[in-house]
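Colleague: I have a model open and would like to go through it with you. Could we begin with the overall picture and then turn to the charged residues?

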Amino acid sequence: MNYYMPVRLYTGRNCISAHKEELRKLGRKCLIVTGGNSAVRSGALGDVTAVLSELEIDYLQFDKVRSNPTVSGCMESGKQAAEFGADFIIGIGGGSAMDTAKAASVFAANIDLDESEFYSRVWKNRPLPVVLVGTTSGTGSEVTNVSVLVDSKEVKHSIHDELLYSAVSFGDPHYTESLPAGITLSTGVDVLAHCAESFFSKKANSISRAYSAQGISLLYAPLLSAARGENLEYEQREQLYEASILGGLAISVTGTCFPHNVGYFLTENFGVPHGLACAAFFPELISHVKESDPKYTADFFSQIGISEQELLGLISLVMPELDVHLTEDEILAALPRWENNGSVKNTLGTVTTEDIKKYLRKFIDK
């Protein structure tokens, strides 16, 4: 059993100011990568810039990160970091901002890199150090070596490399208090997808399974409360955030399974938020793994302490009616993207393109 996790992680109230000396170690200039307003609304940007000013670290902000970030946007932010002479990059936000910061660190250090060289990891120079500040309880990007981006063909791809782990990550659950209810739910089911898919990965081991099971156990009650429209207390948000980190730790070992990659298709073509797009195929995942290995699946529910009916009921409660309408021809045209796909092959048992065709057919108008 092998395991590698080099990220230094600090969590809890005021964790940035409590551990500000970690930033001093990284240099005197940095680029801050954010979306349009969530970093400000959460209070995270203000906390970070206050510490940078106190430490006399110069900073420049790139605030153009969009949901489902693009490689071209990462190139732009990387170029800005290089021109500014940044020593390191800080990503503040959800998965989009953090994934952008990771990729921007590569382009900042390799200014002439093109998209194909980026994905093939032909990097002459080591990426700049990255600091990640999470403001959602969702992706677990704070502790993964993954960046998920939209390429020039408008297709989502993930890139994995040990050089993409952050130098240090901060997670203050207080920042999630400003999230709209819909984002709390969609990021919450993304955590559930990470944990469950990791457990049912062919690469799962005792460490990743422990992370997965504990993550779902922590997640269930607060996510159920959120799905019922209840206001979450700080302690519940802390549970959600811890679960998201555990999910990130799990998939850093195993990667994800077919719901993630098939979910990308719904996001690209119908704008379905990432977490909901993954959760759309959660019932199919459970059905598939039960058929493939019923004993292992029963052990999963035993470890999380939640029944299959309860877990599927939570998914049903969270999921809205998706505005997804496919034709048989559209499904057939999309199927080649999942031939020899890593996430599909990573799933326990054998998932075929025929299986995926069947799963997508539920979106054909009857």
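Colleague: What percentage of the 366 residues of the chain count as buried?

Modeller: This is a predicted model, and in it 57% of the 366 residues count as buried.

Colleague: How many helices and strands are there in the chain?

Modeller: The chain has 18 helices and eight strands. Its radius of gyration is 20 Å, close to the 21 Å that the globule rule gives for 366 residues, so the chain is as compact as a globular protein of that length.

Colleague: Now the charges. How many salt bridges does the structure hold?

Modeller: It holds 10 salt bridges. One of them joins Glu76 to Lys64, with the closest N and O atoms 2.8 Å apart. This pair links distant parts of the chain, as Glu76 is in helix H5 and Lys64 is in the loop between strand S3 and H5.

Colleague: Is Lys64 buried or exposed?

Modeller: Lys64 counts as exposed because its relative accessibility is 54%, and the cut-off for exposed is over 50%. Glu76 is partly exposed, at 36%.

Colleague: And which residue forms a salt bridge with Lys362?

Modeller: That is Glu284, with 3.0 Å between the closest N and O atoms. Glu284 is buried, with a relative accessible area of 15%, whereas Lys362 counts as partly exposed at 38%.

Colleague: One last topic: which residues form a negative surface patch?

Modeller: Glu233, Glu235, Glu238 and Glu242 form it. Of these, Glu235 lies in helix H10 and counts as exposed, at 51% relative accessibility.

Definitions and conventions: Residues are numbered from 1 along each chain as its sequence is written. This is a predicted model: local features need pLDDT of at least 70, side-chain atom pairs count only at pLDDT 80 or more; totals for chains, interfaces and linings use all residues. Side-chain values use heavy atoms; hydrogens and water are left out. Patches are made of residues with over 30% relative accessible area and no salt bridge: like charges are joined within 9 Å, nonpolar side chains (Val, Leu, Ile, Met, Phe, Trp, Tyr) within 5 Å. Accessible areas come from the Shrake-Rupley method with a 1.4 Å probe; for residues, only the protein chains shown count as cover. A salt bridge is a side-chain nitrogen of Lys or Arg within 4 Å of a carboxyl oxygen of Asp or Glu. Lys and Arg count as positive and Asp and Glu as negative; His and the chain ends are not counted. The place of a charge is taken as NZ of Lys, CZ of Arg, CG of Asp or CD of Glu. Helices (H or I, at least four residues) and strands (E, at least two) are DSSP runs, numbered from the N terminus. Buried means under 20% relative accessible area, exposed over 50%, partly exposed in between (1.4 Å probe, protein chains only). The radius of gyration is taken over C-alpha atoms; the globule rule is 2.2 Å times the number of residues to the power 0.38.
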